[in-house]
Amino acid sequence: MSKRALQKEHFKKSTSKRDEEQMKPGDVLTVEERELLLQRSDVQAWIHVLGAWTLIFGILMLVGYFPSVFTLLLAWIVLPGRQLSLAVLMHEAGHGSLFKTKSLNAWVGQWLCALPTLGDLESYARGHASHHRFAGTREDPDLPNYGAYPINKRSLYRKWRRDLTGQTGLKLLITLASGAGSQMSKETVGTKNLLAKQLFVHFVFASILLALGVGWTWFVWMGVFLTSYMWVVRLRQVGEHAVVPDSLDPDVRMNTRTVEAPLWQRFLVAPNNVNFHLEHHFMAGVPCYNLPKLRALLRSKGCLDGLTNVTGYGQVLKLAVAE
C-alpha cells in the first residue's frame, strides 16, 4: 500500500463517522467563532500591503546603492517572496477578504498588488473561484499544476532548471502578451486594456525607482520575477495540493495541505500566511491574518487529528519526489 493510501486509511480510522464526510464550517464552528474569524481589518490589510512595498523598495535601494554579487544574490533570494506577497494579497482581495470594503479590495488588489506582478484581479478571481468550487475533483482547473506529483528527480530538476533560467518566465510573458488574464490562474481573457494598465504601473514603478536614484533596479525586479519567483510559485503549488492523501476526495483535509513551516521559510516562500492553505479552503472568506486562529481552533476541536504534520518545505520536496 502506498504512503498516501496508508495516511488516508489512518486518518479515516481516527475520525468519527460524521468527519468521514466533507468537513463544513457550520458543523465544527459556532456562529460566534465564524463571525470572529471572518472579521476584516483595514489596519491589518494596510500593514500587509505597505509592509510588502516597504521591503520591496528597501531591497531594491540596497542593491542600487551597494551593487555587488552579494546584494544581487540577496535580492534574487529574498525578492521572490515579496513578489509572492503581492500576489497573495491580490488573491485575498479577489476573495473580498483583505479590506472591509469592496472598493478598497478592488483598487488596492488591482493597482498595488496584481498589476505590479503582471496579474489581473478580476480574471484571477474568476478563475480562482472555479478552483475552490471544484477542488477535490477532476474538474479542478488547477489540477494540472500538481496532479502529476510525485515525480522523479530528473523531471523535478528539469522543471527547476526551466524556472531558474527564465524559460518558464519568458513563456509566461508571451502568454500574457497575447491577452491572458492572469499569471496565477487559467483564465485566458483579462480585463479591458490589461496590458496597457500593466505597462502603466511598471512605468510608474520604474519612475519612482529612477527618482530614488536606482532606476536600473527595475531590471532586477523583472529578472527575479522571470527566474527565482517562478521557482517559488511552483513550490507553493506543490506545497498546497501535491501529494496530499487524496486529491480527488472532496474533504479539504484530504485534498489540501497546510505547511507548518518555520518563520524563515514563511518569509522566503510563504508570506501572508499562505502556508495555511487547508484552512483557507475550509473557509475561503477568512482573511489571511486570521488563518492561524482558524487552525488553532480546528486543532483544539480535534478536526485535524490523524493528519500528518508537514513542518517545512524541505519535507514538501521529499514528498514531491517519487521513491
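Okay, a bit of housekeeping. What we have is a predicted model, where local features need pLDDT of at least 70 and side-chain atom pairs count only at pLDDT 80 or more, while totals for chains, interfaces and linings use all residues. Residues are numbered from 1 along each chain as its sequence is written, and side-chain values use heavy atoms, with hydrogens and water left out.

Let's begin with salt bridges. By that I mean a side-chain nitrogen of Lys or Arg within 4 Å of a carboxyl oxygen of Asp or Glu. How many does the structure hold? There are 8 salt bridges.

One of them pairs Arg126 with Glu122, and their closest N and O atoms are 3.8 Å apart. Both sit in helix α7 (residues 121–134), and because they are 4 residues apart there, about one helical turn separates them. When I say helix, I mean a DSSP run of H or I with at least four residues, numbered from the N terminus. Arg126 is partly exposed, at 38% relative accessible area. On that scale, buried is under 20%, exposed is over 50%, and partly exposed is in between, with a 1.4 Å probe and protein chains only.

Now look at Glu260. The side chain of Glu260 meets that of Arg295 in a salt bridge, 2.9 Å from N to O. Why does this pair tie together separate parts of the sequence? Glu260 is in the loop between α13 (252–255) and α14 (263–269), whereas Arg295 is in helix α16 (residues 291–300), so the parts being tied are 35 residues apart in sequence. Glu260 is partly exposed at 24% relative accessible area, but Arg295 is buried at 7%.

Glu260 also forms a salt bridge with Arg299, 3.0 Å from N to O. Again distant parts of the chain are linked, since Arg299 belongs to helix α16 and lies 39 residues from Glu260 in its loop. Arg299 counts as partly exposed, with 39% relative accessibility.

For patches, we take residues with over 30% relative accessible area and no salt bridge, joining like charges within 9 Å and nonpolar side chains (Val, Leu, Ile, Met, Phe, Trp, Tyr) within 5 Å.

Which residues form the positive patch? They are Arg154, Arg158, Arg161, Arg162 and Lys171. Helix α8 (residues 153–164) brings the largest share, 4 residues. Lys171 comes from helix α9 (residues 167–177) and is exposed, at 61% relative accessible area.

There's a nonpolar patch too, of about 970 Å², and its members include Leu62, Phe70, Phe203 and Leu212. Areas like that come from the Shrake-Rupley method with a 1.4 Å probe. Three helices, α4 (42–65), α5 (69–94) and α10 (194–211), each supply at least two residues, and α10 gives the most, with 4. Tyr65, another patch member, is found in helix α4 and is partly exposed at 42% relative accessible area.

Last, the cysteines. A disulfide is a covalent bond between the sulfur atoms of two cysteines; here the test is a pair of those sulfur atoms within 2.5 Å. The structure holds 0 disulfides. Are Cys113 and Cys303 buried or exposed? Cys113 is buried, at 0% relative accessibility, and Cys303 is buried too, at 2%.

Terms used:
Lys, Arg positive; Asp, Glu negative; His and termini not counted. Charge placed at Lys NZ, Arg CZ, Asp CG, Glu CD.
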